[in-house]
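I wanted notes on the sheets, a helix pair and the ligand surroundings of this entry. The sequence and structure go in first, and my entries follow.

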Amino acid sequence: MRFALFAPHIKSLHPPLTTPIPLIPSQAIRDHARRELGVDLIGVCSAEKNLQAEKYLEEFLAAGLHGEMKYLENPAMRTDPQQLLPGAQSVIVIAINYYREKPETPPDHGRIARYAWGRDYHKVLRKILKQLQKFLESRWPDHQHRICVDSAPLLEKAFAEQAGIGFYGKNTTLISQEFGSYILLGEIITTLPITPDPKRTGTCGSCARCITACPTQALTAPGRMDARRCISYLTLESRSAIPEEFSESTVNLIAGCDICQEVCPYNKSFAKPLTHPDLATTEIAGDSIALTEILSLRSDEDYLARFAGSPLMRPKRRGLIRNALNAAGNAIHTDSDKYGPMLIPLITQIAHEDSNPSLRVIAADLLSSIKNPSASSPTR
Ligand code: B12
Ligand code: SF4
Ligand code: SF4
C-alpha cells in the first residue's frame, strides 16, 4: 500500500500533518472505465490547487483575451478543486476520442467542427461519469464526488495535464500520445485519495504549423491564444456580429474550427476514428449543413426541432444564422452567379422579416455589401 505525501484539504486545516493517508490504487477504476464504459483515456491527479494554471488564467483575463466569456472570470475557483468539493483529494480525468474523417465541404454549405457533428458531448461524458461515480460509490461508500464537464468551473486541460492525459500544444489544446488532440475531457472530483498518475512529457519541438495555419492569427505565441480572434469563439461564444476583420477568413466555418488541429503532426500520426457508441451512432448536425437550410430556419421552434441535443444549441438560432449569413456572403463573393440566386432571396427575407432585429441589420448590411462589394459592413 502506498501513502499520500499530502492530503490537500487536511493540509490546509492542519499544516503539521503526521498521519499519511493510505492511497487507493487506481487500477480497478481504470479497468472499469475502459472496459465497461468505453473510456479512451483515464488519469488521476491530486486535488491540489494548480497555482501555475491560476497565474496563466489570471494573465489571460487581465489582458481581456477572453472577450465576452465572462464565465471564465473566476480563476481561483477554476484552479482549486477544494472550492468545488470541500475535502477533495483527487481528480479523475477521462478523455473520449472524437476524431472522424472530414469530407470536402462545398462553399454553399456551412462547415461544422468535428466535436459538434453529433450529440452534445457534455451529455455523453456526463452519462459516462455518472456511471463511473456509481462504480466508485459501490466500491467505496461514504465518499463525496462532483462531476465536471464544462458544467462546474474547472480548468479542465490543466488538470488533465496533471493527470497524465497529455501535454499542452502550442495551439493550446491538450495533446495525447494515443489520439492526438481530438479528445474531449470530463472529470470527477472526489474525496477518495487515489494514487496519482505521473505527468506525461511531450513537446511540440520546433513545429509551429498551427500558429502559421490559424486563419485569424488567434495563436499569438506558443501556447497563447487571443480567444477574441478564434473562429471557435466568434462562431460559438460571441453574441456580437462577426467583425469585418475576420469575416473573410472565417470562410464557411459556421460552428467552431479545427484548422489548428488538422495541421498538427500529432493528429496526422495518432488520430483514429472514434469508437464510443454514444458519439459514433448519433449525427445531428453532421459535418456540414446547406446554408439554404440554415437561412430558412425562421423560428426558435424550428431550430429546436432540428438541433435539440446538439452542441449547436449553444449559439442558438441567432448565432447560427449570423454565421450562415457570413458564410453566404463569402460564397456569393467567390461566385455570385452560382450562389447568388439561391442565397440572396433568403438573405433578403431575413433582412425584411426575421423576428430578431440584429439579424435583420446583419442581413441588410450584407445585401448592401453584395450590391456594392467595395463598401464595408459588419459581416464583410
Ligand atoms: C473557454 C474555452 C474555449 C475558448 C478558449 C480556448 C482556449 N484555448 O482556452 C474557445 C471558444 C476559443 C474554445 C475553442 C475550442 N475549444 Co474550448 N474550452 C473552453 C473552456 C470552457 C475553458 C478553457 C479556458 O479556461 N481557457 C482559458 C485559457 C487561459 O486556458 P488554457 O488554454 O488552458 O491556458 C493555459 C495555457 O496558457 C497554459 N499553459 C500551460 N502550460 C503552458 C506553458 C506555456 C509556455 C504557455 C505559454 C502556456 C501554458 O496555461 C493556461 C492555464 O492552464 C474548456 C472547458 C473547461 N471548463 O476547461 C473548453 C475546452 C478547452 N475546449 C475544448 C475544445 C474541444 C475546443 C475546440 C477544439 C472546439 C472547436 N473545434 O471549435 C476549440 C479549440 C481551439 C484551440 N486551439 O484551443 C476542449 C479541449 C480538449 C483538448 N484536447 O484540449 C475543452 C477542454 C472542453 C472539453 N471538456 O473537452 N474553447
Ligand atoms: S480553432 Fe481555428 S481560429 Fe481558433 S486558434 Fe485554431 S485555427 Fe485559429
Ligand atoms: S501543430 Fe505543431 S506546434 Fe502546433 S500543437 Fe501540433 S505539434 Fe504543436
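I looked up the bridge partner of H109 and found A290 in β11. β3 (residues 109–112) and β11 pair antiparallel over 3 bridges; I count two strands as paired if DSSP finds at least two bridges between them. Helices (H or I, at least four residues) and strands (E, at least two) are DSSP runs, numbered from the N terminus.

This is a predicted model, so I kept local features only at pLDDT of at least 70 and side-chain atom pairs only at pLDDT 80 or more, while totals for chains, interfaces and linings use all residues. Residues are numbered from 1 along each chain as its sequence is written, and chains are lettered from A and ligands numbered from 1 in the order in which they are written.

Next I checked the sheet around that pair. It is open, has 3 strands in the order β10-β3-β11, and its pairing is mixed. β10 (253–255) and β11 (288–290) are the edge strands, each with a single partner, so one side of each has no neighbour in the sheet. The twist averages 40° from one strand to the next. Helix α16 lies across β3 and β10, at about 175° to β10. Axes here are lines fitted to C-alpha atoms, for helices over the stretch in contact, and angles run from 0 to 180 degrees between N-to-C directions.

I then turned to the other sheet. It is an open one of 4 strands, ordered β1-β2-β7-β4, with antiparallel pairing. At its edges stand β1 (41–46) and β4 (145–148), each with a single partner strand, so one side of each is left without a neighbour in the sheet. The twist in this sheet averages 20° from one strand to the next. Between β4 and β7, which run antiparallel, I found 4 bridges; R146 stands opposite I189 in β7. Helix α6 (residues 121–139) lies across β2 (90–97), β4 and β7, at about 35° to β7.

For the helix pair I took α16 (residues 316–334) and α17 (residues 336–353), whose axes come within 9 Å and cross at roughly 150°. That makes α16 roughly antiparallel to α17 (angles under 35 degrees count as roughly parallel, over 145 as roughly antiparallel, 65 to 115 as roughly perpendicular and the rest as oblique). I, L and A residues make up the α16 side, namely I321, L325, A328, A331 and I332, and they meet S336, Y339, G340, L343, I347 and I350 in α17. Contact means C-beta atoms, placed from the backbone, within 7 Å. The contact has 9 nonpolar, 2 polar and no charged residues. Ala, Val, Leu, Ile, Met, Phe, Trp, Tyr, Cys and Pro count as nonpolar, Asp, Glu, Lys and Arg as charged, and the others, Gly among them, as polar.

Last, the ligands. A residue is near a molecule if its C-beta atom, placed from the backbone, lies within 6 Å of it. Ligand 1 is surrounded by 36 residues, the closest being Y56, A113, G223, S232 and G256. α3 gives the most to that shell, with 4 residues. Around ligand 2 I noted, among others, C214, C230, C257 and C260; the shell has 9 nonpolar, 3 polar and no charged residues. The shell around ligand 3 includes C204, C207, C210 and C264, and by class it has 8 nonpolar, 2 polar and 2 charged residues.

How values were computed: Two residues are in contact if their C-beta atoms, placed from the backbone, lie within 7 Å.
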